[in-house]
Amino acid sequence: MHDRLPLPQLLRAVETQVESMVEDLLHWCAIESPSNDPAATTHMARHVAAYLTARGAQVTLTPGDTTGALVEAVWEGGSGKPLLLLGHHDTVHPLGSIAVNPPRVVDGRAYGPGSYDMKAGLLMAGTALHTLFSLGWTPRRPVICLSTADEELGSRESRGRIEALARTAEAVLVLEPAYTHGELKTARKGVGKFRLTARGKSAHAGSAHELGVNAITELAHQVLHLAALTDYARGVTVNIGQVTGGTAINTVPASATALIDVRIKSAADAQWITEQIMTLQPALPGATLEISGEVNRPPMERTPANVRLFELARDLGREIGLELRETATGGASDGNLTSALGIPTLDGLGACGDGAHTDEEYVLIDQLAPRSTVLAGLLYHL
């Protein structure tokens, strides 16, 4: 049985490293790593790998097939099932974003593309583990940190590795940023993406209008039906985000397409909304529908196991005067994948700040030390 970790002492040790953490964060934000640029994300992966290696990890860098390299770092020590830390080094920001949000410190905030979501989280993990080992406090379990290059694209390529590691893990700690007011995340909505194409029959809009079947009109019927499936009380939303169709104003359109985003809170609703979309029927005589897509991120439901992880984090926070709260959010992360496997998962253990996916993204510097200390406490006591 581990002795109780002296959190105040650990906090003081982490506080001495905040200045270097901020320097590293600004440097990392200057290394732009948009998800759709494998060369850029691989370049960032090498920096993550070097950082974690310098903090005691055995690191493997695995090239992606279509996306950038994946970083897998292992800290030996302890026994039993490992703890899995999940992060990503890709960002939504295109190359050149540092021109509009240059890496800098202003009024206690560290700005830069990808600072909050979520390069700071990776730095916090490295700091937490380095501090534990340097003070002689070995976690009771091995620790694995996986940083991927395609999280912002839906983790299509990295999902297999994420799930394989999660199945061997005692628990998963997700380094995504905290919620708006610093809350940790015990539940997230699942995400589905669908493509609906209506097919009709083209005709001249003037001389043969009656011979045509208007695909845009057909799609309009479907869009209204889909929009009506949104149920805020149930936690189901259906968003028609893009619509295209037609070739000319004087031609009855033969084709029209809608791209659909759905969010759901439960596995049962994931199945229900999929059935609702995949079984749509044409409204106009002569029209046909082509439907594809799926719920690609299952919901992270608020399970008792997830709540127990939060309660441990809350208790650790209180030892250093940090009052942590939990929340649910509509956005998804790789924690959705691990929680759906039944592995205890706690999300939002990265930085506090705001502006994710915007040109005003920043991290609150004064929260780096206490949050890293709670993360270290979880790694030690689980």
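Helices (H or I, at least four residues) and strands (E, at least two) are taken here as DSSP runs, numbered from the N terminus. On that basis, the protein chain has 10 helices and 18 strands. Its radius of gyration is 24 Å, close to the 21 Å that the globule rule gives for 382 residues, so the chain is as compact as a globular protein of that length. That radius is taken over C-alpha atoms, and the globule rule is 2.2 Å times the number of residues to the power 0.38. Along the principal axes, the C-alpha trace spans about 85 × 45 × 35 Å.

This is a predicted model, in which local features need pLDDT of at least 70 and side-chain atom pairs count only at pLDDT 80 or more, while totals for chains, interfaces and linings use all residues. Residues are numbered from 1 along each chain as its sequence is written, and side-chain values use heavy atoms, with hydrogens and water left out.

I turn to the sheet. Four strands form an open sheet in the order β4-β5-β18-β17, with antiparallel pairing; two strands pair if DSSP finds at least two bridges between them. β4 (104–106) and β17 (353–354) stand at the edges with a single partner strand each, so one side of each has no neighbour in the sheet. Between β4 and the antiparallel β5 (residues 109–111) there are three bridges, and valine 105 has alanine 110 of β5 as its bridge partner.

Helix α2 (residues 18–30) lies across β4, β5 and β18 (362–364), at about 25 degrees to β5. α4 also packs on the sheet, touching β5, β17 and β18, and its direction makes about 50 degrees with that of β18. Contact means heavy atoms within 4.5 Å; axes are lines fitted to C-alpha atoms, for helices over the stretch in contact, with angles from 0 to 180 degrees between N-to-C directions.

Finally, the pockets. A pocket is an open set of points on a 1 Å grid over the protein atoms alone, where a 1.4 Å probe fits, with protein on both sides within 12 Å along at least five of seven lines; lining residues have an atom within 4 Å of a point. Which residues lie nearest the centre of the largest pocket? They are Glu152, Arg188, Gly331, Ala332 and His357, among 29 lining residues. In the second largest pocket, 13 residues form the lining, and Ala187, Arg188, Lys265, Ala328 and Thr329 lie nearest the centre. β15 gives the most to that lining, with four residues.
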